[in-house]
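Reader: I have the sequence and the coordinates open, and I would like to go through the architecture step by step. Could we take the helices, the sheet, the core and the contact between the chains in turn?

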Amino acid sequence: MSVDKDTVRRIAKLARLKVTEERLDPMVAELNGIFQWVEMLNEVKVEGVPAMTSVVAQKLKWRKDEVADGDVADGLMRNAPESEENFFVVPKVVE
Amino acid sequence: MSLPSSLASFNLAEARDALKAKSISSRELTDALIRAAADSRGLNAFVTETPERAVEMAQASDLRIKHGEARVLEGLPLAIKDLFCTKGVRTTAGSKILSNFVPPYESTVTQNLWNAGAVMLGKTNMDEFAMGSSNETSAAGPALNPWRAKNSNANLVPGGSSGGSAAAVAGDLCLAAIGTDTGGSIRQPAAVTGIVGLKPTYGRCSRFGIVAFASSLDQAGPMTKTVRDAAMLLTSMASVDPKDSTSVDIAVPDYEKQMAGGIKGLRVGIPREYRIDGAPAEVSALWEKGAAWLKAQGAEIVEVSLPHTKYALPTYYIVAPAEASSNLARYDGVRFGHRAKGVSDITELYENSRAEGFGAEVQRRILIGTYVLSAGYYDAYYARAQKLRTLIKRDFDQAFERCDVLLTPATPGPAFGVGEKTADPVSMYLQDVFTVTVNLAGLPALSVPAGLTANGLPLGLQLIGKAFDEGTILRAGKAIEDAAQFIHKPTDWWRAA
């Protein structure tokens with residue numbers, strides 16, 4: 001399988017990553033170099049092999065659904081690029 | 001007053017013993033290392049130096065020592081990879097997108113170290129979001145390897161992604177450092193800078209507060225001057241943490257004690273698939289020497305097979321980017337990190353902030369990850385890779401029926417030149433050919449410096465253990481260390497006159 005310019009445009013859109021027109025061609029080449037290399041995985045028969053879900057045999061832990069932390073709004077807002085009274089400010093989302 | 005320059009070249013255990021004997025103070029030690037770091041900015045090992053905090057912590061430690069209240073790492077100065085969130089100290093993950101990020105919380109691993117009395121010298125350079133094997137993808141520019149080839153002035157990379165931590169330990173800018181390892185990011189830089197690097201079992205150290213790259217592979221670990229120091233540090237770093245549901249509920253042993261006892265009767269497996277075409281003869285020769293050293297100390301050498309080894313790297317380059325593309329979705333310019341200016345709507349805000357904030361390698365991996373998870377391609381790539389991962393893990397399970405530990409080379413060669421592999425991503429990825437299998441299987445592994453090439457550059461050997469059997473690889477690592485007598489040091493060409 002290989003990718004073309006349209007595919008790169010489409011996945012860039014999915015990834016919310018702006019890829020300029022002049023970067024498209026080099027990106028197609030770079031990605032195809034990598035995809036050609038991973039093609040070798042097709043040599044392996046994987047029918048009946050379960051997909052890995054956890055490297056360490058363990059049951060995920062359960063915990064009580066209760067508040068353990070909080071009242072940290074000031075700390076959370078300190079890194080905001082733009083904020084107003086503990087709200088994050090962004091361009092208008094809904095017309 | 002000038003302190004003996006040798007203070008900076010102490011290892012962790014030596015410094016601990018000297019502090020205990022009160023022959024030095026933490027303040028003296030810390031001052032010497034602050035000065036060493038300041039004189040060594042040419043290595044670009046630190047992204048942020050924190051001398052004021054270091055002095056404050058050292059003074060508090062000296063008080064505790066005076067009052068007989070010393071903890072296990074009391075007064076010992078460490079360098080921390082800039083992937084660990086440190087409360088109130090900028091944490092960049094080597095990325096422009098986090099260039100102004102100051103965490104309001106502390107990672108569990110670093111908190112454990114401070115609780116044990118350690119002193120923070122600063123945050124070390126690294127490949128952006130830990131994606132790289134040379135430290136060259138860092139937004140802060142490459143860290144340099146303190147080592148240079150014989151009769152050469154060419155700059156070499158310190159490996160990656162924990163390149164700054166490796167350079168800081170090898171250059172005597174700290175007693176020891178902390179790194180993270182997703183595909184080899186502790187062991188590969190340790191090997192090419194002549195130091196010890198340990199990747200613990202997945203789940204041994206909490207991942208809370210470590211900027212996430214690939215969550216099913218990431219682990220924190222020590223980078224040190226000796227095997228004993230690695231054992232010491234891991235004992236303090238590891239914990240069961242309610243903030244990380246994948247941290248495993250197994251009591252943390254005293255690894256320094258587990259390291260002792262020798263290797264009589266230990267079964268050491270040599271995986272035949274690790275003999276790769278085109279590997280330099282020096283790498284294979286050192287590997288054979290390592291097996292001979294272990295045998296001479298009473299180990300039994302057995303040949304084993306890990307048939308899916310060659311599929312590990314391509315499997316990794318599907319799994320890791322897939323997880324990364326998902327983890328890195330949070331960097332959108334809204335709540336923290338870089339935000340693009342002059343945008344007209346919210347989509348443009350996301351797209352431009354991410355394009356401006358992420359470097360080329362990170363963008364490449366986000367796109368790969370997005371593609372392999374996208375509708376129509378998921379089964380062909382991601383699901384298949386996760387099945388391969390099961391097969392790779394099964395290889396190890398079967399090998400460990402016949403042996404207790406595996407011995408392999410750590411890297412396919414010594415440190416390479418700055419800029420030498422940046423044009424071809426796959427050639428860079430091949431740096432991790434011997435280390436990446438271990439992450440896919442969640443196992444612990446240790447890289448130990450074992451010799452120099454004819455050109456005078458360090459090479460390491462890797463010991464791979466069963467899950468949660470760090471004690472055995474430390475014991476075998478000590479045996480390699482004792483036999484190799486790796487006492488070499490780089491010349492300090494980088495120090496300011």
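**Helices, sheet, core and contact**

Author: In this predicted model, the axes of helix 1 (residues 5-14) of chain A and helix 2 (residues 21-38) of chain A come within 9 Å and cross at roughly 95°.

Reader: How are helix 1 of chain A and helix 2 of chain A placed to each other, roughly parallel or roughly perpendicular?

Author: The crossing angle of helix 1 and helix 2 of chain A is roughly 95°, and angles of 65 to 115 degrees count as roughly perpendicular. The two helices of chain A are therefore roughly perpendicular.

Reader: Which residues in helix 2 of chain A meet helix 1 of chain A, and how do the residues of this contact divide by class?

Author: From helix 1 of chain A come Lys5(A), Val8(A) and Arg9(A), and they meet Leu24(A), Met27(A), Val28(A) and Leu31(A) in helix 2 of chain A. By class, the residues of this contact between the two helices of chain A are five nonpolar, no polar and two charged.

Reader: Turning to chain B, which strands stand at the edges of the sheet, and why is one side of each left without a neighbour?

Author: The sheet of chain B is open and mixed in its pairing, with eleven strands in the order 1-3-2-4-6-5-10-11-9-7-8. Each edge strand has a single partner strand, so one side of it has no neighbour in the sheet; the strands in question are strand 1 (46-49) and strand 8 (300-304) of chain B.

Reader: Which residue of strand 3 of chain B is the bridge partner of Leu78(B), and which residues touch the most other members of the largest nonpolar core?

Author: Strand 2 (residues 77-81) and strand 3 (residues 119-124) of chain B pair in the parallel sense over five bridges, and the partner of Leu78(B) in strand 3 of chain B is Met120(B). Beyond its neighbours within four places in sequence, Leu78(B) has contacts that include Leu113(B), Leu121(B), Cys174(B) and Ile178(B). The largest nonpolar core has 168 residues, and those touching the most other members are Leu33(B), Leu78(B), Leu121(B) and Cys174(B).

Reader: Which helix gives the largest share of the side of chain B that touches chain A?

Author: The contact takes 54 residues from chain B and 40 residues from chain A. Among the elements that give two or more residues to the side of chain B are helix 10 (312-327) and helix 12 (360-373) of chain B. The largest share, ten residues, comes from helix 13 of chain B.

Notes. Residues are numbered from 1 along each chain as its sequence is written. Chains are lettered from A and ligands numbered from 1 in the order in which they are written. This is a predicted model: local features need pLDDT of at least 70, side-chain atom pairs count only at pLDDT 80 or more; totals for chains, interfaces and linings use all residues. Two strands pair if DSSP finds at least two bridges between them. Helices (H or I, at least four residues) and strands (E, at least two) are DSSP runs, numbered from the N terminus. Two residues are in contact if their C-beta atoms, placed from the backbone, lie within 7 Å. Axes are lines fitted to C-alpha atoms, for helices over the stretch in contact, and angles run from 0 to 180 degrees between N-to-C directions. Angles under 35 degrees count as roughly parallel, over 145 as roughly antiparallel, 65 to 115 as roughly perpendicular and the rest as oblique. Ala, Val, Leu, Ile, Met, Phe, Trp, Tyr, Cys and Pro count as nonpolar, Asp, Glu, Lys and Arg as charged, and the others, Gly among them, as polar. A nonpolar core is a set of buried Ala, Val, Leu, Ile, Met, Phe, Trp, Tyr and Cys residues joined through C-beta atoms within 7 Å. A residue is buried if 20 or more other C-beta atoms lie within 10 Å of its own, exposed if 12 or fewer, and partly exposed in between; C-beta atoms are placed from the backbone.
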